[in-house]
Amino acid sequence: MDSIILGIETSCDETSVAVIKNGKYVLSNVISSQIDIHKKYGGVVPEVASRKHLEMIIGVIDLAIKEAGINKNDLTAIGVTNQPGLIGALLVGITAAKGLSISLKIPIIPVHHLRGHIYANLVEYEHELDDFPILALIVSGGHTSLAIWHNHLNIEVIGQTLDDAAGEAFDKIARKLGLDYPGGPEIEKYAKLGLKTDLVFPVAKLGKENYNFSFSGLKSSVINYINKTKAQGKDIIIEEVAFAVQDAIVSAVIGKVLLASKNYGIKKVVIGGGVTSNKYLLKRLKEEGQKINMTVYAPKGIYCTDNGVMIGSAAYYLNKYGIKGDLFLNAYSSGNIK
Ligand code: KG4
Ligand code: ZN
């Protein structure tokens with residue numbers, strides 16, 4: 001029997017629902033983004049996010065089913081993000097999933113959001129990603145984590161950010177530069193490839209033999225630079241600051257991936273999360289990877305940022321291994337990858 005899974009993602013500012021057949025065929029992927037709403041506040045406002053998810057969720061589910069060309073009754077399971085994320089936002093997806101699970105009498109599978117970002121890769125590279133262990137780098141607005149993907153039931157986080165996530169650093173610095181939310185794509189736009197600048201911002205290294213990240217110091221040095229330059233009556237050249245910020249974040253992230261590849265002897269890395277749609281990051285990671293024979297797998301842009309496909313993909317494999325939730329399923333704002 002075919003597996004036809006509905007993947008629901010509502011952990012932050014995207015209401016997204018997808019239909020996935022047999023773990024890899026994307027029959028539909030509807031994404032309703034709230035970015036334009038949160039833009040005017042310079043970041044995601046949790047209460048506004050949950051309210052908007054509530055408004056959209058039924059319509060997005062119906063559209064995903066319609067675009068997939070299936071009937072509700074064809075669904076065999078529902079995957080839903082239950083952590084980490086904004087509690088009110090997660091609960092909207094979970095409640096919709098429970099309703100469908102009861103009415104269609106099909107299982108509900110809780111999916112950790114970061115597992116989802118990793119599993120976005122399996123939709124495209126299923127045949128090349130079957131020789132575990134594989135490294136996994138997740139860089140988004142809420143997370144910066146490096147993990148060893150041992151198998152479908154064991155993802156071991158070996159490093160994470162001790163303060164701001166990489167995307168959060170992009171967003172906060174962009175705001176300081178007067179750029180729009182989300183800041184990552186804005187900074188990428190200004191940091192034109194090939195731009196020459198002597199400007200360098202430091203990123204804390206946190207010792208040679210660990211895989212943790214810290215970006216709050218970077219944010220402070222950029223803010224100090226902006227204040228000092230303005231105080232001297234000089235102009236801030238946004239392109240140069242953007243380039244130096246992007247370079248600092250990307251170099252810090254890549255450094256830890258290369259270190260882990262060397263220390264663990266792992267030659268494949270999958271990446272995911274909004275920041276991995278940054279072309280400079282992908283280019284540099286591929287270049288550095290080539291030098292040590294490490295292959296880099298990256299989902300296509302639309303699967304880097306939050307989407308229902310990645311949740312449907314992760315749910316497919318969890319379901320295969322008998323992992324299911326029940327109607328007591330709850331939302332958690334934080335928690336290790338399960
Ligand atoms: O994965 P995602 O959609 O949501 C979370 O789970 O957080 O990631 C959103 C984050 C934002 O911080 C945004 O600024 C960042 O990803 N981002 C980027 C780029 N596109 C999105 N950062 C750098 N370069 C980009 N092109
Ligand atoms: Zn995400």
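**Notebook: sheet, hairpin and a helix pair**

I began with the sheet, which is open, has five strands in the order 3-2-1-4-5 and shows mixed pairing. Two strands count as paired if DSSP finds at least two bridges between them. Strand 3 (25-33) and strand 5 (108-112) are the edge strands with a single partner each, so one side of each has no neighbour in the sheet. From one strand to the next, the twist averages 20°.

A note on the source: this is a predicted model, in which local features need pLDDT of at least 70 and side-chain atom pairs count only at pLDDT 80 or more, while totals for chains, interfaces and linings use all residues. Residues are numbered from 1 along each chain as its sequence is written, chains are lettered from A and ligands numbered from 1 in the order in which they are written, and side-chain values use heavy atoms, leaving out hydrogens and water.

Next I counted elements and found eleven helices and ten strands in the protein chain. These are DSSP runs numbered from the N terminus, helices being H or I with at least four residues and strands E with at least two.

Ser 16 sits opposite Ile 31 in strand 3.

Then I looked up what covers the sheet. Helix 3 (residues 87-104) lies across strand 1 (4-9), strand 4 (77-83) and strand 5, at about 155° to strand 4. Helix 11 (residues 308-320) lies across strand 1, strand 2, strand 3, strand 4 and strand 5, at about 130° to strand 1. Angles run from 0 to 180 degrees between N-to-C directions, with axes fitted to C-alpha atoms, for helices over the stretch in contact.

I also found a hairpin, made by strand 7 and strand 8 with two residues between them. Six bridges link strand 7 (residues 144-151) with strand 8 (residues 154-160), and the two run antiparallel. Asn 151 has Asn 154 of strand 8 as its bridge partner.

My last stop was a helix pair: the axes of helix 5 (residues 166-176) and helix 6 (residues 183-190) come within 7 Å and cross at roughly 65°. That makes helix 5 roughly perpendicular to helix 6 (65 to 115 degrees counts as such, under 35 as roughly parallel, over 145 as roughly antiparallel, the rest as oblique). Where do they touch? I found Phe 170, Asp 171, Ile 173 and Ala 174 of helix 5 against Gly 183, Gly 184 and Ile 187 of helix 6, contact meaning heavy atoms within 4.5 Å.
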